[in-house]
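Reader: I've got the model open and a few things to ask about it. Can we go through them one at a time?

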Amino acid sequence: MNRYIRLFLYLILVIFGIFLFTGRVYSVCYVPPAVTSVSLNPSSGSSYPGGSVSTTVTVNFAPGNGGICIGTASITCNASSGFSCTSTICSGTLSSPLQCSKTITISSSSNVPPGTYYITVTASGGGSSASATFTYAISIEAIQISVYPPSVTLFPGSSAIFTVSASDSYNNPL
């Protein structure tokens, strides 16, 4: 059987089942609901260079006409150089308020310098879009310094040569 026919029959069964369960008659939204807002939880995170963080994106849609509405949004990030973000699609149906949630992962490359970066997460759907900003802190937590040789005995007027090396807590040389 054609998959579109199966989908149509499935939707009819869902609508009929909702009617039987609630005793109410619902209409169907013919125009997809517009995205009205986006929120992130958490809205900030931190990692070392080359690490990643996750956040849950919640997309809110404009109220439907009281019918069976399916809100669908495409979630993307404007990840700048040195960052990448998973893109996804979320859908929400028959809830009040009409919304959907998805978890995304934002990753940094190993050569991103320490600092604070702002990643814009955008949800688009129903002819509109909304954005929220994720604050991403890249930090090097500890610096390890080693000196070779660890000790030297010097006499007056003599000198010594030492080699000093430094690395972060993940053994990346500084």
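Reader: Which backbone atom of N41 does the side chain of T55 reach, and at what distance?
Author: Quick caveats: this is a predicted model, where local features need pLDDT of at least 70 and side-chain atom pairs count only at pLDDT 80 or more, while totals for chains, interfaces and linings use all residues. Residues are numbered from 1 along each chain as its sequence is written, and side-chain values use heavy atoms, with hydrogens and water left out. As for N41, the T55 side chain gets to its backbone nitrogen, at 3.4 Å.

Reader: And what does the side chain of T55 reach on P42?
Author: T55 sits in strand β3, residues 52–61 (strands are DSSP E runs of at least two residues, helices H or I runs of at least four, numbered from the N terminus). On P42, the side chain of T55 reaches the backbone oxygen, at 2.6 Å.

Reader: Why does T55 count as buried?
Author: Buried means under 20% relative accessible area, exposed over 50%, and partly exposed in between, using a 1.4 Å probe and protein chains only. T55 counts as buried because its relative accessibility is 2%.

Reader: Which residues is T55 in contact with, leaving aside neighbours within four places in sequence?
Author: Contact here means heavy atoms within 4.5 Å. With those neighbours left aside, the list for T55 is L40, N41, P42, K102, T103, I104 and F134.

Reader: Zooming out, how many helices and strands does the protein have?
Author: From the N terminus on, the order is α-β-β-β-β-β-β-β-β-β-β-β. That gives one helix and eleven strands.

Notes
Polar contact = N/O pair within 3.5 Å; in protein donor to acceptor, adjacent residues only side chain to side chain.
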